[in-house]
Amino acid sequence: MRNWNDDPYTKRARKENFEARSVYKLEEIDKRERIFAGVKTVLDLGAAPGSWTQYCLQKLSKTDGKVVAVDISPIQVQDPRLVFLHQPIEEVDLSPHIGNGKVDLVISDMAPNTTGIHDRDVALSFELASLAFNTCEKHLKLGGTFVVKLFMGDSFEEFHKLLKENFSPVRLLRPDSTRKHSREIFFIGKGFKPKAQK
Ligand SMILES: C[S@@+](CC[C@H](N)C(=O)[O-])C[C@H]1O[C@@H](n2cnc3c(N)ncnc32)[C@H](O)[C@@H]1O
């Protein structure tokens with residue numbers, strides 16, 4: 001077993017009071033793509049243990065910012081601007097928490113429990129990324145931004161095409177803090193314009 005306690009990002013996260021080292025992936029995505037510009041409301045999918053949620057709360061306005069976070073695992077983060085829904089994305093009803101308006105940014109770091117069977121893990125990751133996209137269709141405002149994780153594999157081209165049909169531009173990023181053996185990649189879609197409305 002590898003000892004992740006020696007990992008510099010893990011040490012830094014502990015020192016800076018973040019729940020997980022994943023925060024540095026979102027930080028890099030943000031530094032490169034400025035995903036929080038003008039953002040007031042965020043949907044954070046696959047939020048546990050909560051480091052992306054913490055980062056969002058730091059980036060949002062202290063008065064009218066809002067994060068709606070979803071996960072099957074609990075999070076410890078507490079903030080008056082945070083609504084945490086302890087449910088699977090497949091079952092959660094976000095509408096009562098978003099109201100009539102829509103969100104400015106959807107971020108999904110959702111990942112399946114890996115089985116070690118490559119094709120199976122890639123398929124599960126594709127399912128979660130597709131559910132995150134469906135959430136954008138319902139709750140992301142026109143012109144909004146979508147950040148989503150996918151395990152590299154057969155479904156890459158199909159997912160990339162789907163995003164290019166609904167966002168412009170679409171960029172790909174593999175943050176420096178991604179573990180070397182990891183197959184994950186992030187898509188950043190901006191300027192949401194659903195295909196159906198084009
Ligand atoms: C890599 S972790 C997210 C880390 C988080 N972004 C952070 O910074 O703390 C992936 C998360 O996806 C969640 N997840 C997996 N399947 C899910 C589902 N069907 N619905 C909601 N969350 C799910 C897992 O419970 C896990 O907490």
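Begin by selecting helix H2, residues 23–33, where Val-23, Tyr-24, Lys-25 and Leu-26 are buried (20 or more other C-beta atoms within 10 Å of the residue's own, with C-beta atoms placed from the backbone). The model is predicted: local features need pLDDT of at least 70, side-chain atom pairs count only at pLDDT 80 or more, and totals for chains, interfaces and linings use all residues. Residues are numbered from 1 along each chain as its sequence is written. Helices are DSSP runs of H or I with at least four residues, strands are runs of E with at least two, and both are numbered from the N terminus.

Then select Arg-34, which follows H2 and has a positive phi, near 50 degrees.

Next, display the sheet. Its seven strands form an open, mixed arrangement in the order S3-S2-S1-S4-S5-S7-S6; two strands pair if DSSP finds at least two bridges between them. Strand S3 (82–85) and strand S6 (170–173) are the edge strands, each pairing on one side only. The twist from one strand to the next averages 15 degrees, with axes fitted to C-alpha atoms and angles running from 0 to 180 degrees between N-to-C directions.

Within the sheet, select strand S4 (residues 103–108) and strand S5 (residues 140–151), which pair in the parallel sense over five bridges. Ser-108 stands opposite Val-148 in S5.

Finally, select the ligand. Of the 23 residues around the ligand, Ser-22, Gly-46, Ala-48, Ser-51 and Asp-109 come nearest (C-beta atom, placed from the backbone, within 6 Å).

Terms used:
Buried ≥ 20, exposed ≤ 12 C-beta atoms within 10 Å, placed from the backbone.
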